[in-house]
Every structure is written in C-alpha cells, then in structure tokens.
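Hi,

Here's the structure I said I'd pass along.

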There are 2 protein chains.
Amino acid sequence: MIHRSTVHEVLIAVFQVRAFSDPDAPELAVLLWQRALDPEAGTWSLPGGTLRDDENLAASARRQLAEKVDVRSVAHLEQLSVFSEPERVPGDRRIASTFLGLVPISAEPTLPTDTAWHPVSALPDMSFDHGTVVAHARHRLVAKLSYTNIGFALAPVDFAISSLREIYGAALGYQVDATNLQRVLSRRGVIEPTGRRAPSGKAGGRPPALFRFADNSIRVTDEFAALRPPQT
Amino acid sequence: MIHRSTVHEVLIAVFQVRAFSDPDAPELAVLLWQRALDPEAGTWSLPGGTLRDDENLAASARRQLAEKVDVRSVAHLEQLSVFSEPERVPGDRRIASTFLGLVPISAEPTLPTDTAWHPVSALPDMSFDHGTVVAHARHRLVAKLSYTNIGFALAPVDFAISSLREIYGAALGYQVDATNLQRVLSRRGVIEPTGRRAPSGKAGGRPPALFRFADNSIRVTDEFAALRPPQT
C-alpha cells in the first residue's frame, strides 16, 4: 500500500424541525453547504473541516460550525461516532469525528449563501459518505429521544402538547400519540406545565396549556428505579 | 506553535467483574499492561496503540486487544469518545479513539506476563490520561446498564438473581435490591427464566432459579411506550 498522510476532520450533522412545503407538517431538516470546488463540486456537505493542531475536537466543531450558522442557535452539541474507513475520501486519508447538533424549531439563524436546510427525507446529492453520517446521526437522535430529555433542544421554550407532538413526530419519522407523549414525559419529569395557556387554540377552541422542558442540558431520564444510586 | 505530527491511536477499557481479596465481594476490574520502556516506564496502560493505514478503528481495536487478551472472551466491544486534547501525551500529538470492552465473569482468559486485572476502585499509577479514560468508560457502562441490556456481557450464561445482583452492584459501584432487579429486568424482557435451578443454594436452602439474558447483543430496553415505531 502506498503510504498516505492522515488528517483528522470533524463533521457536524445539525438538525432542526422545520416546515417546508406544508406549514402544518414540519419535517426534520439537516444543515448542508454546497461545494463550489472539486473534489465533488456541486455536491452537498456537512459543516466541518480539518482539525487544527492547537484545538480539541469539541473546539474544532464549534469553530467550524460558526462558519455556517450562528452557534448561539445550537442548543445541543455532542460527539458521535468516528468514521475511519481508510478509503472513505479520495486523496489523503481523513478520519472524521462526527457530531450531532440540534437547533430549536423557534430559531431562524441567518445562513451563508452556499448553505441551506434540507429535509432528511429528500437529501440532495451528498459529498463522499456524508449521507451515511446524516443517517447515523438521525438514528442516534431517534434513540436518544427515547431515553433522554434531548427533545429540549428541538422544542421552543414553551409549547402546547400538540406542537411537541409534531416535533417528536418529525424527528422520529413516525407519528406519536399526544396523550401518551404528555403522560410519559410528565411522569419522568422531562416536561412540566408552565401554568399558562397559549394566546388561542389553533381550532379556535379553548387555548391549550403550555408546557416547558424541565432541563436544558441532556440527561438520561429513565434510569431503572432499581438501579438508581442510593439517595444521600 | 511548533508543528508536530499527529497520529491516531485506539485505547480499549476492558472491564470484568472479578473477585479480588474477598471471594464473596466481586469488584469491577480493568485490564492493564505495565510499560517496560519510556515514556512513563513502570506506569500502567490500557491495551491499544497506533491505527494502521489500512484498518479502520474497530479493526484496529480488535487487533490490538488480541495482543493482550483472547478476544473471543470479549462479549461486547463498542466505540466511546475521542480524547483529543493537543497536549494529552508528550511528543507527537496522539488523538485517541476509546472503546469499551466487556468480559463475562465466567471467563478466565490467559494474559501475557506484563498484563493484569486491577480493581477500578484502586488503580495503579496510570500512564498519561489513561486513568481518565477508565473513569469515562466506567461512567458510560453505568449509564448503559440503566437503559440497555448490556449486563449480558458481564454475566455468565445462566445465573441466580443473587449472582446477577453482585455483578450489577460491582459494575455500578453501589448495591441494588435483588427483588427490584429481577422485577425490572424481567418486565422489560432483558432476562428470562431458564426453567432450571442451580445445583444447590449457597446457604443450603432451596436451590435458586436460574435466569439468562434474552439477547446477547446490545439494545435499548426502554423505549418510551409512546415513542415506539408503529408495529407493521
């Protein structure tokens, strides 16, 4: 084998639930930018790039994300898997540490002209293995929605349960029942009532109660009762 | 800053629940080898080493683990975080992808002379940041015990609940109630009765029922009922 240089890069899959064609049917979207230059000019890439000598991966992810989006709108950022297949890109070997980033539905960050949100269900022609990275990150998001409070980073500050149901449905890729969602998330202390009601109900009925997430950093919400550490 | 080369390495934290001084009080142990040469000669390191040009991280982890332990005894191996602080080791920059490995309590793999199990509660003088890697991996193991069936990789093929309680207690670092453990793990379909009983009870009483894990690969065991995909 010919010896090649190896560089380390970060790639960030930033998701937001957004309305595209139908304002009543929001979808999970991912932030992509279009390559102007070869290799693979015209294809769409995840934000990211080469790790600098003087930064760790998390700092690099934040720095490179800032080139594409206002990072203050990113409510959650965490490391996912490393993509390390020797031939994953042409030329020098590139080992990619991937990150998951989440933007609340209520944020509308300004984007550079080469950058846009795309529905995960209809990705454009993707660069290299970036489509696989998106699929992996979405899979992790779905898993984490089931055992953590990570929904806080997709939801607005306060919300009616019907809105939260749309957000979960878009992120999961299938519909969930609003009553079950409220019951399970309330019982686990993930969401709590704000004591206020929305200005008006969508259908003109009684204004719905508003809820909020109890925390705005990630935690496992369902430790087995039997496995909790002793209270001290 | 002086430009340095960057190499990528893997480090594997392999855990097993083992009895040390007290045969009735097994502890969580980690597999370490003692460095004969500088840097840091005499300190203890995790299995691992430099990624080769022609292998991905998972293949590298398996190859390097095989130098220290019979990998057939490793029932579970998964990627954890990347340690990427620029100055984490002297000399060339080394970016470390870390792995979690688990060996069932019933296995007694042969080890090279430089390699030994150490209780996590009393680690020897550790090389570089390897002590931090062990702490991080243990933290992830504890979390995963709460929302997955990962205990399968620490337990023997079949076991009395009293034995499983000792294994969970050692891995978690605090005691759990045997009745709760059986109820929660049974309800979630993590463990199931084998229909057989142990040859004899420890205290000479009625032989205890034997259980087994329902699966021998990892899965999330507690997706919210409300968040499960529709059955098709």
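Chain A is assigned two domains, with domain 1 covering 7-146 and domain 2 covering 156-226. Bear in mind that this is a predicted model.

I started with how those two domains meet. Taken over C-alpha atoms, the centres of domain 1 and domain 2 of chain A are 26 Å apart. The contact between them involves 14 residues from domain 1 of chain A and 11 residues from domain 2 of chain A. About 1,000 Å² is buried between the two domains of chain A, and carbon and sulfur atoms give 66% of that area.

Next, a helix pair in chain A. Helix H2 (residues 130-147) and helix H3 (residues 161-172) of chain A have axes that come within 9 Å and cross at roughly 135 degrees, so H2(A) counts as oblique to H3(A). On the H2(A) side, A:Arg138, A:Leu141, A:Val142 and A:Leu145 make the contact, and on the H3(A) side A:Tyr168, A:Ala170, A:Ala171 and A:Leu172 do. By class that contact has seven nonpolar residues, no polar and one charged.

H3(B) contributes B:Ile161, B:Leu164, B:Arg165 and B:Tyr168 to the contact, while H4(B) brings B:Ala178, B:Leu181, B:Gln182 and B:Leu185. Here the classes come out as six nonpolar, one polar and one charged.

Cheers

Methods. Residues are numbered from 1 along each chain as its sequence is written. Chains are lettered from A and ligands numbered from 1 in the order in which they are written. This is a predicted model: local features need pLDDT of at least 70, side-chain atom pairs count only at pLDDT 80 or more; totals for chains, interfaces and linings use all residues. Side-chain values use heavy atoms; hydrogens and water are left out. Axes are lines fitted to C-alpha atoms, for helices over the stretch in contact, and angles run from 0 to 180 degrees between N-to-C directions. Helices (H or I, at least four residues) and strands (E, at least two) are DSSP runs, numbered from the N terminus. Angles under 35 degrees count as roughly parallel, over 145 as roughly antiparallel, 65 to 115 as roughly perpendicular and the rest as oblique. Contact means heavy atoms within 4.5 Å. Ala, Val, Leu, Ile, Met, Phe, Trp, Tyr, Cys and Pro count as nonpolar, Asp, Glu, Lys and Arg as charged, and the others, Gly among them, as polar. Domain bounds come from an automatic or database domain assignment. Buried area is the accessible area (1.4 Å probe) that two parts lose on being put together, summed over both.
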